[in-house]
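Keep the sequence and the model side by side as you read. This walk goes strand by strand, then helix by helix.

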Amino acid sequence: MTQPMTQTMTQDPAVLEIRELRTEFRIRKQWHAAVRGVSLSVARNETVALVGESGSGKSVTALSILKLLPGAGARHAGGHILLAGRDLSTLSEAQMSHVRGNDIAMIFQEPMTSLNPTMTIGDQIIEAVRQHHATSYSEARRQALEALREVGIPGADNRLDDYPHQFSGGMRQRVMIAMALACKPKLLVADEATTALDVTIQAQILALLAQLQAAHGMSILFITHNLGVVAQIADRVAVMYAGEVVELADVDALFARPTHPYTQALLRAMPRVDLDTDEFRAIPGQAPTLASMPTGCAFAARCPSRQAQCEREHPVLQQVVGGVTGHMVRCPVRLEQLRMNLETSL
Amino acid sequence: MSTLSPSAPPTASAAPPDSLWRALLSNRVAWIGVALLLLIVLVAVFAPWLAPHDPLQQNIAYRLDPPSADFWLGTDSYGRDVLSRLIYGARISLLVGFLAVLIAMLIGSSLGILAGYLGGWFDQLVMGLVDVLLSFPTLLLGLMVAAMLGASLENLIVAIAITEIAPFVRIARAPTIALKQRDFIEAGRALGFGPIRLMGVHILPNMASDVIVLASLWMAAAIRTEASLSFIGLGVPPPIATWGSMIREGFNNILDAWWLIVFPCVAILLTVLALNLLGDALRDALDPKLRGEKR
């Protein structure tokens, strides 16, 4: 985790590389972008966390990767999604269904409703196995049992023929993970996978994911709004605001030197053991809606360090002055401040 | 299955089969329906052994005989035994009712699931057709189709099936729209499942109970429609005995021979009653909110 970004980048080719992804939704007959030029890469065995508040576009980014957005109200409006060099954005629906579950798997927020109530969990895992591999039922059943044991279901042998309602939330999320990993995907997308669980179960699931990642070697794109979870699991963090990545850094750099005003505000709004804070400060105001996106910086209206230029010019993602390589931020004001600090200290 | 929690599962359709049976059989009204229906089915199946006479055997000497030791339910205007005709008629009524509902259920629920899942123009087309079907009274629609196709057993089944497609489309479409937004369908898509698998394996079983309840209720309606069409003369052609045509023939002698009409009517009444009781009980058993109430 402490390893500098540059090394991991050069050693491992990216499993997933998103370039300038733009996803639009139709609202009252007009197309509005919910994801605006997101670029992000996930290296082999790396865990990248995508953080942001509700409506910041993090889940839409995840669904765009798998092309799971509803066809009628949403569209891919530009950019590329490269999975091990193969561009997913050009694939047909039939080709995409070979990628889903096989190369990229996804786990969801609600373990209570993510399983089919009318099928035994054994049959659901078997179905996932046989979707992508021509194996016999008995072989698939053996693999399903193996998967259940691996995700730590106690007494897995007796539970294969149980129905979802006989499992607790945490156990169902383990079953979901077993299904998702049944075909040994290269990339696991976890969309708020621990949000609906209580804290102890959340810690168990995070530990399980880390353990499975070490055992099988896979990349994880972890979507969450919980910075505590980020600190525990991620190698690298992308902070999203209003459909854009506003700060990108490895996890230690982000918590040590949060640079974007939004990231700083987020960290101030959360309890921390490592800092002596008495008060949590809420971020005033609201994120702009899709239909009323400002031309300048999207965060400007809520920003404490706002300047006149912020409302005119749309900022770009730039390397942080004096920061570790790969620490990027979308805020010229803060960059200018850092540059000044650096000059005065010299 | 051994560790069923006492609390009700999250949705009605999530009830595993054995708890459904328990809920159904704890209901006394359901027992009456099941027993009555079983009796009628057994009578229909074993008709050749149970019927005291040949249902088609005419005998002018015994014309319009009232119920007696020889002919328990009397004879009709051709001297045929009413009881035997009633027993054989059960076969036709049950066959027509069962097959018509089966066809309507298969076509209707498939269309409903497709319409709900695909949405868009296909949904609008199907629902438009359903509205057209629903705008005709059942009997009138059955009458038109039967008259168009001509009177035969097969055409009667088809005609009744067409009259009953619409409710099955509706009962399948609504839960499909709700289910396709559920997380496990999205999870299935994320695992690479195609639309046919999602519709057949993941959506259909979740609404099967609704469809089965509806089928038991509409089978009663199908038997009624069959009787009505036969009464008008658009049913199974004579001399085959059906309950509807027996009433029709008895109608001519209604003042002289009450037994010709009363007994087929009672037979229809009991069958429809049995199916309705069963349907109501099934619906209650599948609804977790009503489960556990004493009746």
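Start in chain A, where six bridges join β10(A) to β11(A) and the two strands run antiparallel. In that pairing, Met240(A) stands opposite Val245(A) in β11(A). This is a predicted model, so the local features named here rest on residues with pLDDT of at least 70. The two strands form a hairpin with two residues between them, and in this hairpin Ala242(A) takes a positive phi near 50 degrees. Most residues other than glycine have a negative phi.

How much of strand β10 (residues 236-241) of chain A is buried? Six of its six residues are. Both faces of β10(A) are covered. Arg236(A), Ala238(A) and Met240(A) are buried on one side. Val237(A), Val239(A) and Tyr241(A) are buried on the other.

β10(A) also pairs with strand β3 (residues 47-51) of chain A. Here the sense is parallel, over four bridges. Ala49(A) stands opposite Val237(A) in β10(A). As a rule, strands of a sheet pair through backbone hydrogen bonds, either parallel or antiparallel.

Now follow β11 (residues 244-250) of chain A to another partner. Two bridges join β11(A) to strand β13 (residues 328-329) of chain A, and this pair runs antiparallel. Leu248(A) stands opposite Met328(A) in β13(A).

Next comes a helix of chain A, α7(A). Its 12 residues should span 16 Å at 1.5 Å a residue, and the end C-alpha atoms are 16 Å apart, which agrees. 11 of the 12 residues of α7(A) are buried, so the helix is largely enclosed by the rest of the structure. The buried residues include Gly170(A), Met171(A), Arg172(A), Gln173(A) and Arg174(A). Val175(A), Met176(A) and Ile177(A) are also among them. What do the buried residues of α7(A) pack against? Their partners are strands β7 and β8, together with helices α4 (121-132), α5 (137-150) and α8 (199-216), of chain A.

Two loop residues of chain A deserve a look at their backbone. Lys184(A) has a positive phi of about 50 degrees although it is not a glycine. Its place is in the loop between α7 (169-180) and β8 (187-191) of chain A. Ala84(A) also has a positive phi of about 50 degrees, and it is not a glycine either. Ala84(A) lies in the loop between β5 (80-83) and β6 (86-87) of chain A. Are these residues buried or partly exposed? Ala84(A) has 13 C-beta neighbours inside 10 Å, so it counts as partly exposed. Lys184(A) has 13 such neighbours inside 10 Å, so it too counts as partly exposed.

Turn to chain B. It has 12 helices and zero strands. Buried residues make up 45% of its 295 residues. Of the contacts in chain B with a separation of 6 or more, 70% are between residues 24 or more positions apart.

Take helix α6 (residues 138-149) of chain B. At 1.5 Å a residue, its 12 residues should span 16 Å; the end C-alpha atoms are 16 Å apart, which agrees. Its buried residues are Thr138(B), Leu141(B), Gly142(B), Val145(B) and Ala146(B). Seen down the axis of α6(B), these buried residues fall within an arc of 125 degrees, so they line one face of the helix. An α-helix has 3.6 residues a turn, so residues three or four places apart point the same way. On the other side of α6(B), Leu140(B) and Met148(B) are exposed. The buried residues of α6(B) pack against α5 (120-135), α7 (153-163) and α10 (195-232) of chain B. Just after α6(B), Gly150(B) takes a positive phi of about 95 degrees.

Finally, look where the chains meet. 21 residues of chain B are in contact with 24 residues of chain A. On the chain B side, α9 (183-190) and α10 are the elements that give two or more residues. α9(B) gives the most, with six residues. By class, this side of chain B has 10 nonpolar, seven polar and four charged residues.

Terms used. Residues numbered from 1 in each chain as written. Chains lettered and ligands numbered in written order. Predicted model: local features only at pLDDT ≥ 70, side-chain atom pairs only at ≥ 80, totals over all residues. Expected span 1.5 Å × (residues − 1). Buried ≥ 20, exposed ≤ 12 C-beta atoms within 10 Å, placed from the backbone. Arc of directions from axis to C-beta. Contact = placed C-beta atoms within 7 Å. Pairing = 2+ DSSP bridges. Nonpolar A, V, L, I, M, F, W, Y, C, P; charged D, E, K, R; others polar.
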